[in-house]
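User: I would like to learn how to read helix packing, strand pairing and aromatic pairs in a model. Please go through them in turn.

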Amino acid sequence: MNSTNMPFSLIRQQLFEHYGWEFDSLTDRMLDTALGLLAIELQLTKTDVIKQLPNNSQIREKLLDHLVIPETSFFRYPESFAFLKSIVHKWFLKNKGKKIRIASIPCATGEEPYSIAMSLLDAGINFEQFEIDALDISLPLIQKAQLGIYSTNKSIQYTQLLNSKYVDKHPAGLQIKTNIRKHINFIHGNITQMPATFLKKI
Ligand SMILES: C[S@@+](CC[C@H](N)C(=O)[O-])C[C@H]1O[C@@H](n2cnc3c(N)ncnc32)[C@H](O)[C@@H]1O
């Protein structure tokens, strides 16, 4: 039992039931720290935060904001993007007149859907030929993704992008060009609770 008399296992169970989260790397200490930070943010006690978790989806999602590690980067797993470029023309030959639809779930801060768009454009596919749905449960991350502003100090991939025709220089580093940002359908949502109409579409 922790200081609030609620076993962390119950909180883990809620994370699994509501968000499909099931991972061993989430230690009691990480949970305790996240709950503490959330309590400060909401100006509540940790006990009150924990009491509200089962019935308050806003508080649960805010807890996720303190737990998620939005590990991502541009062209992460480069072989996936090379594969996409290698098959896309064959796909259009087989699916004449159709749009290719790609889902990036979860998209975190947007690097993955932007990398997909840049790969398709690089392969000579135009905007009318593709749609990208990009979903994440974290509102701050989706908002950052929509802005498409990235520091170029993060890693070599970010610095290299400055030479790309798909970005503009920005005081903070770079910004993805407006036509690409506006083309991606960013969605704030929980994949485990998306309506069937959305799931059928992807
Ligand atoms: C490691 S990042 C994803 C990175 C990206 N797909 C990539 O490989 O570059 C994990 C993300 O999952 C999101 N997430 C976790 N549970 C989710 C859920 N149930 N529905 C939607 N997004 C979720 C988190 O907010 C976080 O941004």
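This is a predicted model: local features need pLDDT of at least 70, side-chain atom pairs count only at pLDDT 80 or more; totals for chains, interfaces and linings use all residues.

Analyst: Residues are numbered from 1 along each chain as its sequence is written, and side-chain values use heavy atoms, with hydrogens and water left out.

User: At what angle do helix H1 and helix H2 pack?

Analyst: Helices (H or I, at least four residues) and strands (E, at least two) are DSSP runs, numbered from the N terminus. Axes are lines fitted to C-alpha atoms, for helices over the stretch in contact, and angles run from 0 to 180 degrees between N-to-C directions. Under 35 degrees counts as roughly parallel, over 145 as roughly antiparallel, 65 to 115 as roughly perpendicular, and the rest as oblique. Here H1 (residues 8-19) and H2 (residues 28-42) pack at about 80°, with axes 11 Å apart, and are therefore roughly perpendicular to each other.

User: Which residues of H1 and H2 meet?

Analyst: Contact means heavy atoms within 4.5 Å. Phe8, Ile11, Arg12 and Leu15 in H1 meet Asp28, Leu31, Asp32 and Leu35 in H2.

User: How do strands S4 and S5 run?

Analyst: Two strands pair if DSSP finds at least two bridges between them. S4 (residues 167-170) and S5 (residues 173-176) run antiparallel and are joined by four bridges. Two residues lie between the strands, which form a hairpin.

User: How many aromatic pairs are there?

Analyst: Rings of Phe, Tyr and Trp (its six-membered ring) pair if their centres lie within 6.5 Å; planes under 30 degrees apart count as stacked, over 60 as edge-to-face and the rest as tilted. By this rule there are eight aromatic pairs. One of them, tyrosine 114 with phenylalanine 186, is edge-to-face, at 5.7 Å centre to centre and 70° between the planes. Tyrosine 114 lies in helix H6 (residues 111-122) and phenylalanine 186 in strand S6 (residues 184-188), so the pair ties together parts 72 residues apart in sequence.

User: Is tyrosine 114 buried or exposed?

Analyst: Buried means under 20% relative accessible area, exposed over 50%, and partly exposed in between (1.4 Å probe, protein chains only). Tyrosine 114 counts as buried because its relative accessibility is 0%; phenylalanine 186, at 10%, is also buried. By contrast, glutamate 71 is exposed, at 57%. Glutamate 71 lies in the loop between helix H4 (57-67) and helix H5 (78-94).
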